[in-house]
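Good morning, and thank you for making time for this presentation.

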Amino acid sequence: RLPGFSKLFPQVIAANLDLVVIVASIAEPLTPFGFIDRLLVAANLGNVPTALVVNKADLAGNDQYDRWKNNYRNAVDPIIFTSAMKKQNIDVLADMIKGRTVLFAGRSGAGKSSLANCIDPNLDIKTREVSDVTGKGKHTTSAVKLHPTSEGGWLADTPGLRECGPYGKTPENLPFTFPEIERITERCKFRDCRHKTEIGCMVTEIVGTADFPEERYKSYLKLLSEAVEEQTPDYLK
């Protein structure tokens, strides 16, 4: 956002993609659900299919697996649990991106570059360890780089993202970027329902259930608040 302007300006990361692979880390460092939700919304606004790759699965217990599966089971497909260290499900990931133009997106330290090297060792992308002091990832990739893969596709490795403000979101289109809402929004009493406190809202009826977990709904409300603010002229704030 530029000083004195309410309009947001986009930062283009990549174009003409077949798939966005959101790479999250289940530990060391843990990727917040809210950050993943923002990447999912950004990809959905761009009409690009998504996949969620939960890396460092060798560091997780069964309860952590279940928490991630339950939170995203109705939000994104597929969800793949990987370990670059143990080479877990690398073949599954490799098959998924074969012959496609794919963007790896996520925070520093999630293992984007490590996974890319596991898929195709010829890429030889530099990697760094997580900081012992901060527990956060260190930036290795400094700019978006498009790498040709041995299977005939292209892999865009991105710098670790600290924040994600999905560009182009509005109070009207945001519900359609959440599959849990999109599936039932037409059953709400009012066509312009924002799924907060409206009478006859079917979405709020399922919040906290397996159909729409509480954490996903909190992300929706936060993004909705931002979308309303972004549409409000500065002189009315």
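Let me begin with a definition: two strands pair if DSSP finds at least two bridges between them. Helices (H or I, at least four residues) and strands (E, at least two) are DSSP runs, numbered from the N terminus. This is a predicted model, in which local features need pLDDT of at least 70 and side-chain atom pairs count only at pLDDT 80 or more, while totals for chains, interfaces and linings use all residues. Residues are numbered from 1 along each chain as its sequence is written, and side-chain values use heavy atoms, with hydrogens and water left out.

I turn to the sheet. It is an open sheet of six strands with mixed pairing, in the order β3-β2-β1-β4-β6-β5. Because β3 (79-81) and β5 (145-148) stand at the edges, each with a single partner strand, one side of each is left without a neighbour in the sheet. From one strand to the next, the twist averages 25°. For angles in this talk, axes are lines fitted to C-alpha atoms, for helices over the stretch in contact, and angles run from 0 to 180 degrees between N-to-C directions.

Let us look at the pairings of β6. Strand β4 (residues 101-105) pairs with strand β6 (residues 154-157) in the parallel sense, over four bridges. Within this pairing, V102 stands opposite L155 in β6, and L103 stands opposite A156 in β6. The pairing of β5 with β6 is antiparallel and also has four bridges. Here K145 has D157 in β6 as its bridge partner, and H147 stands opposite L155 in β6. β5 and β6 form a hairpin with five residues between them, and G152 in the turn has a positive phi of about 95°.

Helix α1 (residues 33-45) lies across β1 (19-25), β2 (50-55) and β4, and runs at about 180° to β1. Helix α4 (residues 112-119) also packs on the sheet, where it touches β1, β2, β4 and β6, and its direction makes about 145° with that of β4.

How do α1 and α2 pack? Helix α2 (residues 62-72) packs with α1 at an angle of about 35°, and their axes are 12 Å apart. The crossing of α1 and α2 is right-handed; a crossing is left-handed if the near helix is turned anticlockwise from the far one by less than a right angle, and right-handed if clockwise. On the α1 side the contact is made by F33, I36, D37 and L40, and on the α2 side by R67, W68, N71 and Y72. By class, this contact has five nonpolar, one polar and two charged residues. In these classes, Ala, Val, Leu, Ile, Met, Phe, Trp, Tyr, Cys and Pro count as nonpolar, Asp, Glu, Lys and Arg as charged, and the others, Gly among them, as polar.

On a 1 Å grid over the protein atoms alone, a cavity is a set of points where a 1.4 Å probe fits but cannot get out, and a pocket is an open set with protein on both sides within 12 Å along at least five of seven lines; lining residues have an atom within 4 Å of a point. Grid points are joined across faces, edges and corners, and a volume is the space filled by probe spheres set on the points.

The largest pocket has a volume of about 900 Å³. It is lined by 30 residues, of which Q11, V12, I13, A42 and C164 are the closest to its centre. The largest share of this lining, four residues, comes from α1. By class, the lining of the largest pocket has 23 nonpolar, five polar and two charged residues.

The structure holds one cavity of 30 Å³ or more, and the largest cavity contains about 40 Å³ of space. Its lining consists of A94, I97, K98, I119, D120, T149, S150 and E151.

Finally, some details of the backbone. The peptide bond from E28 to P29 is cis, with omega near 0°, and P29 is found in the loop between β1 and α1. D77 and P78 are likewise joined by a cis peptide bond, with omega of about 10°, and P78 is in the loop between α2 and β3.

Key
Contact = heavy atoms within 4.5 Å.
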